[in-house]
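Take a moment to look over the sequence and the model. Then read on with both in view.

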Amino acid sequence: MPELFAYTDGACSGNPGPGGWGVLLIAKEGDAILKERELSGGEGETTNNRMELMAAISALESLTRSSAITVVTDSAYVKNGVTGWIHGWKRNGWRTADKKPVKNAELWQRLDEAQSRHRVEWRWIKGHAGHEENERADALARAGMAPFKPAKTPS
């Protein structure tokens with residue numbers, strides 16, 4: 001049975017500003033790569049955290065059937081949120097411990113729904129540290145942002 005991995009990343013030019021997200025999906029059997037798929041997208045006015053969330057959401061929503069998948073992110077916000085904080089937020093009606101509304105609640109809810117259909121293992125890796133798949137996800141995120149960045153005018 002092949003193992004499935006999703007390497008996810010978000011990018012933003014300004015925070016908020018134009019942003020993009022990228023996903024590299026890889027099916028492996030041992031060290032052999034059986035299949036790869038790239039996903040990306042972006043928005044004109046967003047934040048880095050929203051793009052990190054959209055990458056993870058898009059990875060899970062792209063799967064057509066229930067799967068065991070390892071999601072690898074360089075976002076401690078996504079990893080800590082989905083493996084820890086989200087449980088308290090749900091109990092508290094999507095409010096933080098100090099009773100404030102959870103930022104990006106609609107995306108956290110979408111991520112919670114998307115992961116509920118799968119068996120997900122979440123892994124954090126350090127970004128921009130030479131991890132080939134993470135660098136590819138970063139390039140996809142920057143490509144997803146590109147259409148939303150203003151064109152540079154010649155001086």
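The paragraphs below go from the whole chain to single residues.

Keep in mind that this is a predicted model. The protein chain holds 4 helices and 5 strands. Follow them along the sequence and the pattern reads β-β-β-α-β-α-α-β-α.

Buried residues account for 46% of the 155 residues. The accessible surface of the protein chain is about 8,500 Å². Carbon and sulfur atoms own 51% of that surface. Now consider contacts between residues at least 6 apart in sequence. Of these, 66% join residues at least 24 apart. Charge comes next. The chain carries 21 positive and 20 negative side chains. The centres of these two sets lie 6 Å apart.

Now turn to the aromatic rings. The whole structure contains 5 aromatic pairs. One of them joins Tyr-77 and Trp-108. Their ring centres are 5.2 Å apart, and their planes meet at 65°. Why is this pair called edge-to-face? Planes over 60 degrees apart count as edge-to-face, and the 65° between Tyr-77 and Trp-108 therefore puts the pair in that class. The pair also links distant parts of the chain. Tyr-77 sits in helix α2, residues 76–91, and Trp-108 sits in helix α3, residues 105–116. The two are 31 residues apart.

Are these two residues buried or exposed? Buried means under 20% relative accessible area. Tyr-77 has 19%, so Tyr-77 is buried. Trp-108 has 0%, so Trp-108 is buried too. Trp-108 also has another partner. With Trp-89 it forms an edge-to-face pair, 5.1 Å from centre to centre and with 65° between the planes. This pair again links helix α2, which holds Trp-89, to helix α3, which holds Trp-108. Here the separation is 19 residues. Trp-89 is buried, as is Trp-108. Step back and the group comes into view: Tyr-77, Trp-85, Trp-89 and Trp-108 form one aromatic cluster.

Move on to strand β3, residues 32–46, and find Glu-45 there. Exposed means over 50% relative accessible area. Glu-45 has 59%, so Glu-45 is exposed. Which residues does Glu-45 touch, leaving out those up to four places away in sequence? They are Pro-16 and Gly-17. Glu-45 and Arg-119 are 74 residues apart in sequence, and their C-alpha atoms are 32 Å apart.

Pro-16 deserves a stop of its own. It lies in the loop between β1 (3–12) and β2 (17–29). The peptide bond from Asn-15 to Pro-16 is cis, and its omega is near 15°.

Two other loop residues have a backbone angle to check. Trp-94 is not a glycine, yet its phi is positive, about 65°. Trp-94 lies in the loop between α2 and α3. Its relative accessible area is 18%, so Trp-94 is buried. His-128 also has a positive phi, near 55°, and is a residue other than glycine. Find His-128 in the loop between β5 (119–124) and α4 (132–145). Its relative accessible area is 58%, so His-128 is exposed.

Finish in helix α4, where Gly-144 lies. Its relative accessibility is 7%, so Gly-144 counts as buried. What surrounds it? Leave aside neighbours within four places in sequence, and Gly-144 is in contact with Gly-19, Gly-20, Ser-40, Gly-41 and Gly-42. Compare Met-54. Gly-144 and Met-54 are 90 residues apart in sequence, but 12 Å apart in space from C-alpha to C-alpha.

Terms used. Residues are numbered from 1 along each chain as its sequence is written. This is a predicted model: local features need pLDDT of at least 70, side-chain atom pairs count only at pLDDT 80 or more; totals for chains, interfaces and linings use all residues. Side-chain values use heavy atoms; hydrogens and water are left out. Buried means under 20% relative accessible area, exposed over 50%, partly exposed in between (1.4 Å probe, protein chains only). Contact means heavy atoms within 4.5 Å. Accessible areas come from the Shrake-Rupley method with a 1.4 Å probe; for residues, only the protein chains shown count as cover. Lys and Arg count as positive and Asp and Glu as negative; His and the chain ends are not counted. The place of a charge is taken as NZ of Lys, CZ of Arg, CG of Asp or CD of Glu. Rings of Phe, Tyr and Trp (its six-membered ring) pair if their centres lie within 6.5 Å; planes under 30 degrees apart count as stacked, over 60 as edge-to-face and the rest as tilted.
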